[in-house]
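Subject: Structure handover

Hello,

Here is the structure for your work, with the findings set out below it. Please read the conventions together with the numbers.

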Amino acid sequence: MALNLRLKQTECITRMLNLNQPVNSTGTANEEVYKILIFDKFCQDILSPLIHVKDLRKHGVTLYFLIDKDRKPVHDVPAVYFVRPTQPNVHRIAADASRSLYDSFHLNFSSSIPRPLLEDLASGTLNSDSIHRISKVHDQYLEFVTLEDNLFSLANKSCYVQLNDPSAGDREIEEIIDKIASGLFCVLATLAVVPIIRCPRGGPAEMVASLLDQRLRDHLLAKNNLFSEGGSFASSFQRPILCLFDRNFELSVAIQHDFRYRPLVHDVLGLRLNRLSVQGEKGGMKSFELDRLDPFWVANGSLEFPEVAVEIETQLNKYKKDVDEVNRRTGGNEGAEFDGTDLIGNTKHLMNAVNSLPELTERKQVIDKHTNIATVLLGEIKERSLDSFAKKESEMMVRGGIDRNELLGVLKGKGNKLDKLRFAIMYVISSETMPQSEVEMVEAALRESEVDTSAFQYVKKIKSLNVSLASANSASRSNIVDWAEKLYGQSISAVTAGVKNLLSGDHQLALTRTVEALMEGKPNPEIDSYLVFDPRAPKSSSGASSSHLKGPFKEAIVFMIGGGNYVEYGSLQELAQRQQPVKHVIYGTTEILTGSDFVEQLAFLGKKMGLGSSGGALAQ
């Protein structure tokens, strides 16, 4: 069975809501108990995309509150707590128990609770003589947010900044690496798989891989571990591959404009936790959910925006035709003589019409929702010329540069400040050569539009550093340009972007190309230097080259450290679908960012390094 992260995490949450009792086939516990749910902000975000209010009711949850809100006692009712294992949360639980707010406390921590905090909880409840109220304490290993079947985020804010901050000490770096490894451990524990880990040498990816490998090894030593349920024989038969990457591997994807529906909705309208708010037709804000229950979103998320507009119209016409058909059938034949057979026929048609009404109503709601979203998107596209940004950025990446007049035309044309800044950064990343006069011209154009150039200066600085680093490292290679292109595709470290690997008129992401090579498991110069960690193998072979690695892999988990996006997610899903037989790829990241969010992190780093202008604001 293919790995389905959303399903697995939902099962764990359902069991937790039923006081960790076994759940029957209908998804409820055999004995219904009414209860109260208490969560913190982070765990609310975990629950939000998976469990709706009606689901809570189904599992006997009558009330739910945030842990830091003042709450009144509710006697004779058990409380399910789902919180992160932090000092404030533990103190609050002890205080709630001492005040006897609820009959019994079922504590569920989103990840493993450290020993000192457990002792704090024990001493706090002992001192207030309320320890008998604590029924159970569970480590749930659910500290990640699943947005779709194959998409998750650890919701670690500003991870890229923390890992690339020049003033960050070893301790801060270790803390963030530890946080990422813990989050990935939770994902693997939920899926109950021990993967083969692959990553490029050096940088955060290797640090996370090494720590995660150690965590898994230590955990597998325990007899009753989280991975023994699936049976060691079954899990070792066909294991997935976990590919770790650092955002600097391919910076361009995090910044570029994209014209496909899912990335566009996320970038322009701020899709968060599968929800967004847009201006309604009659004024006022409308809130929509975009998840697996929306058939249009699932089917058309990866299409270009104009194709989506056509699809909405097609669906609307089909709906109108079906409604007319129902009306025609139930209206009776005019002028026909009435007899018994007609009555039976009409009754049958009426029954069919009544049965088809809920489905037709639902279809109409979905069409109206996407019409509303597409209308707002179209307004933004026209106002900011987003189609032009997406097209020109894509051309720049393929051609390895842009005509000077065209460049100036975009920077002085439509678009908000962040659009222009993102375009200017894409120019830096994609250009094979950057004449000083051209760079100064770009900076002047940005300043003229009152754009803060910190992010632009930061990327320019990194690129110049990387070019000199690459030339220093490639003494043994005859052609530094060829080497950089092979290794990084269109990443910031590429000195050139004369990309030959074009796919359906669109350049294939370096990330997708590399994942494809890693899943094939064949010798390939692009990935031969990648490290291998196998937590089930003897320690001595860990980190060695891929000689013992058996490919091809049917399933992969791809994780981007430092922020991911819907462009990469879509590209990897396309890769999985076009394989024969179809493969399965789960995509995860430290946080899901829009291009503007990511550029703000770059600007922060630029300012820390004393780069850029302080004149213009980053605001749109």
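Ring pairs link Tyr 81, Tyr 102 and Phe 105 into a cluster. Rings of Phe, Tyr and Trp (its six-membered ring) count as a pair if their centres lie within 6.5 Å; planes under 30 degrees apart are stacked, over 60 edge-to-face, and the rest tilted. By this rule there are 15 aromatic pairs. One of them joins Phe 144 and Phe 152 edge-to-face, at 6.2 Å centre to centre and 75 degrees between the planes. Phe 144 is buried, with a relative accessible area of 0%, and Phe 152 is buried at 0% as well. Buried means under 20% relative accessible area, exposed over 50%, and partly exposed in between, with a 1.4 Å probe and protein chains only.

The conventions are as follows. This is a predicted model, in which local features need pLDDT of at least 70 and side-chain atom pairs count only at pLDDT 80 or more, while totals for chains, interfaces and linings use all residues. Residues are numbered from 1 along each chain as its sequence is written, and side-chain values use heavy atoms, with hydrogens and water left out.

Overall figures

The protein chain has 23 helices and 16 strands. These are DSSP runs numbered from the N terminus (helices: H or I, at least four residues; strands: E, at least two). Of the 620 residues in the protein chain, 52% are buried. Contact means heavy atoms within 4.5 Å. Among contacts between residues at least 6 apart in sequence, 79% join residues at least 24 apart. The accessible surface of the protein chain is about 28,700 Å², and 53% of that surface belongs to carbon and sulfur atoms. Accessible areas come from the Shrake-Rupley method with a 1.4 Å probe; for residues, only the protein chains shown count as cover.

Cavities

A cavity is a set of points, on a 1 Å grid over the protein atoms alone, where a 1.4 Å probe fits but cannot get out; its lining residues have an atom within 4 Å of a point. Grid points are joined across faces, edges and corners, and a volume is the space filled by probe spheres set on the points. The count comes to 2 cavities of 30 Å³ or more.

The largest cavity has a volume of about 100 Å³. It is lined by 15 residues, of which Gln 256, Asp 267, Asn 565, Val 567 and Gly 595 are the closest to its centre. At least two lining residues come from each of α10 (252–255), α11 (261–269) and α22 (566–578). By class, this lining has 7 nonpolar, 5 polar and 3 charged residues. Here Ala, Val, Leu, Ile, Met, Phe, Trp, Tyr, Cys and Pro count as nonpolar, Asp, Glu, Lys and Arg as charged, and the others, Gly among them, as polar.

The second largest cavity has a volume of about 70 Å³. Its lining includes Arg 260, Arg 262, Tyr 566, Val 567 and Glu 574. Both α11 and α22 supply at least two residues of this lining, and α22 gives the most, with 5 residues. The lining divides into 3 nonpolar, 4 polar and 3 charged residues.

Helix α21 (residues 510–520) is largely enclosed by the rest of the structure, because 9 of its 11 residues are buried. Among them are Leu 511, Arg 513, Val 515 and Met 519. Just after α21, Gly 521 takes a positive phi of about 70 degrees.

Val 439 sits in helix α18 (residues 436–448) and counts as buried at 4% relative accessibility. Leaving aside neighbours within four places in sequence, Val 439 is in contact with Tyr 427, Met 434, Phe 456 and Lys 460. Val 439 and Val 428 are 11 residues apart in sequence and 8.5 Å apart in space, C-alpha to C-alpha.

Backbone points

A cis peptide bond joins Gln 580 and Pro 581, with omega about -10 degrees. Pro 581 lies in the loop between α22 and β16 (584–589). Asn 20 is not a glycine but has a positive phi of about 60 degrees. Asn 20 is in the loop between α1 (5–17) and β1 (35–39), and at 19% relative accessibility Asn 20 counts as buried. Glu 450, also a residue other than glycine, has a positive phi near 60 degrees; Glu 450 is in the loop between α18 and α19 (454–473).

Regards

Technical notes:
1 Å grid on protein atoms, 1.4 Å probe; cavity = no way out; pocket = protein on both sides within 12 Å on 5 of 7 lines; lining within 4 Å.
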